[in-house]
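Then follow the stops below in order.

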Amino acid sequence: MRLILASASPRRCELLGQIGASPDAVDPADLDETPLKGELPAAYAARVAAEKGALVAARHPGALILSGDTVVAAGRRILPKTESEAEARQCLQLLSGRRHRVLSAITLIDAEGKARHRLSTNIVIFKRLDRTEIEAYLASQEWHGKAGGYAIQGRAAGLIRAIQGSHSAIMGLPLYETRALLKAAGYPLD
C-alpha cells in the first residue's frame, strides 16, 4: 500500500514519522490557495485540503493520498502564509495578546478513490508582544511562509501563553485524526 504525501511541508513528513508512517513519495499539489469571496476559515481549510488531495490522487491511481491545509484565523479573517516581513509584522501585531484559532484540515483518499476528511480546531493565545519581541521574532526569519506569520515549533513557542487542542495540528498535521484515517484505510503503522 503506497502512501503519497501531497505536501511540500517538511514538518508534515516529520510528524508522520511520529505515528510510524513514512510516505513512499512526496508530491506537492500546486494550486491556487486564494480564499473564495466570503469563505470562512474552516470551509477554506477543508476545501484546500480536499482539492490538494484530488489533484495528487489523479497522478497516483491506487495509492493512499494524504493532504492537508492549516489556517490561522482571527475571528472570520484568514491570515496569510506570510511572504514579507511587513505581512508577518501585521499578523503578529494582530495576534498579540489575543486568542485565535488554528484549523488543520486533512483529506485521505484511499486506493478506490474514496475521500475521508477531518478538521482539527485549536486555540492559541499569544502573550502581549512588545515591539522588541516582534522585531526579534521577525529577525529569526521563522515567519517566512508560515500561516499567521509564526511557527509554534520554533521561537514563537516562547511567545505563546496557552494552547487548547492539538500541538501537532497547530504545527500542520493533526496526528490523532491522521492516525485514525490511516488505520481505517488499512495502512500499516509501526
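With which side chain does the side chain of aspartate 69 make a polar contact? Select aspartate 69 and lysine 81: their side chains make that contact at 3.3 Å. A polar contact here is a pair of N or O atoms within 3.5 Å; within protein, one must be able to donate a hydrogen and the other to accept it, and residues adjacent in sequence count only if both atoms are side-chain atoms.

Before moving on, some ground rules. This is a predicted model, where local features need pLDDT of at least 70 and side-chain atom pairs count only at pLDDT 80 or more, while totals for chains, interfaces and linings use all residues. Residues are numbered from 1 along each chain as its sequence is written, and side-chain values use heavy atoms, with hydrogens and water left out.

**Stop 1: around aspartate 69**

The UniProt record, an unreviewed entry, lists Asp69 under "active site". UniProt positions are given in the numbering used here, feature names are shortened, and annotations may be inferred rather than shown by experiment. Aspartate 69 sits in strand β3, residues 64-74. Helices (H or I, at least four residues) and strands (E, at least two) are DSSP runs, numbered from the N terminus.

Is aspartate 69 buried or exposed? Aspartate 69 is buried, because its relative accessible area is 0%. Buried means under 20% relative accessible area, exposed over 50%, and partly exposed in between (1.4 Å probe, protein chains only).

Now show its contacts (heavy atoms within 4.5 Å). Beyond neighbours within four places in sequence, aspartate 69 is in contact with residues including Arg12, Glu33, Tyr44, Lys52, Lys81 and Ser104.

**Stop 2: salt bridges**

The whole structure holds eleven salt bridges. A salt bridge is a side-chain nitrogen of Lys or Arg within 4 Å of a carboxyl oxygen of Asp or Glu. Side chains of opposite charge can pair when their charged atoms come close.

Select glutamate 39 and arginine 47. They form a salt bridge, with the closest N and O atoms 2.7 Å apart. Both residues are buried.

Go to helix α3 and pick arginine 89 and glutamate 85. Their side chains meet in a salt bridge at 3.2 Å, N to O. The two are about one helical turn apart, because they are four residues apart in α3. Arginine 89 is partly exposed at 22% relative accessible area, and glutamate 85 is partly exposed at 34%.

Next, select arginine 116 and aspartate 110. Their side chains form a salt bridge at 3.3 Å, N to O. Arginine 116 is partly exposed, at 24% relative accessibility, whereas aspartate 110 is buried, at 10%. Then select Glu33, Lys52, Asp69 and Lys81: salt bridges that share partners join them into one network.

**Stop 3: the strands**

Switch to a cartoon view. Select strand β5 (residues 99-109) and strand β6 (residues 115-126): they run antiparallel, joined by eleven bridges. Two strands pair if DSSP finds at least two bridges between them. β5 and β6 form a hairpin with five residues between them, and glycine 113 in the turn has a positive phi of about 95°.

Which residue in β6 is the bridge partner of valine 102? It is asparagine 122. Valine 102 in β5 is also the bridge partner of valine 72. That pair belongs to the antiparallel β3 and β5 pairing, which has nine bridges. Nine of the eleven residues of β5 are buried.

Move on to β7. It pairs with β6 in the antiparallel sense over four bridges. Isoleucine 160 in β7 is the bridge partner of phenylalanine 126.

**Stop 4: the nonpolar core**

A nonpolar core is a set of buried Ala, Val, Leu, Ile, Met, Phe, Trp, Tyr and Cys residues joined through side-chain atoms within 4.5 Å. The largest one has 39 residues; among those touching the most other members are Leu16, Leu66, Phe126 and Leu182. Helix α3 (residues 85-95) gives the most to this core, with four residues.

Centre on leucine 182. Not counting residues up to four places away in sequence, leucine 182 touches Leu3, Leu16, Ile19, Ala21, Leu64, Leu108, Tyr187 and Leu189.

**Stop 5: lysine 146**

Finish in the loop between α4 (131-140) and β7 (160-164), where lysine 146 lies. Lysine 146 is buried, with a relative accessible area of 18%.
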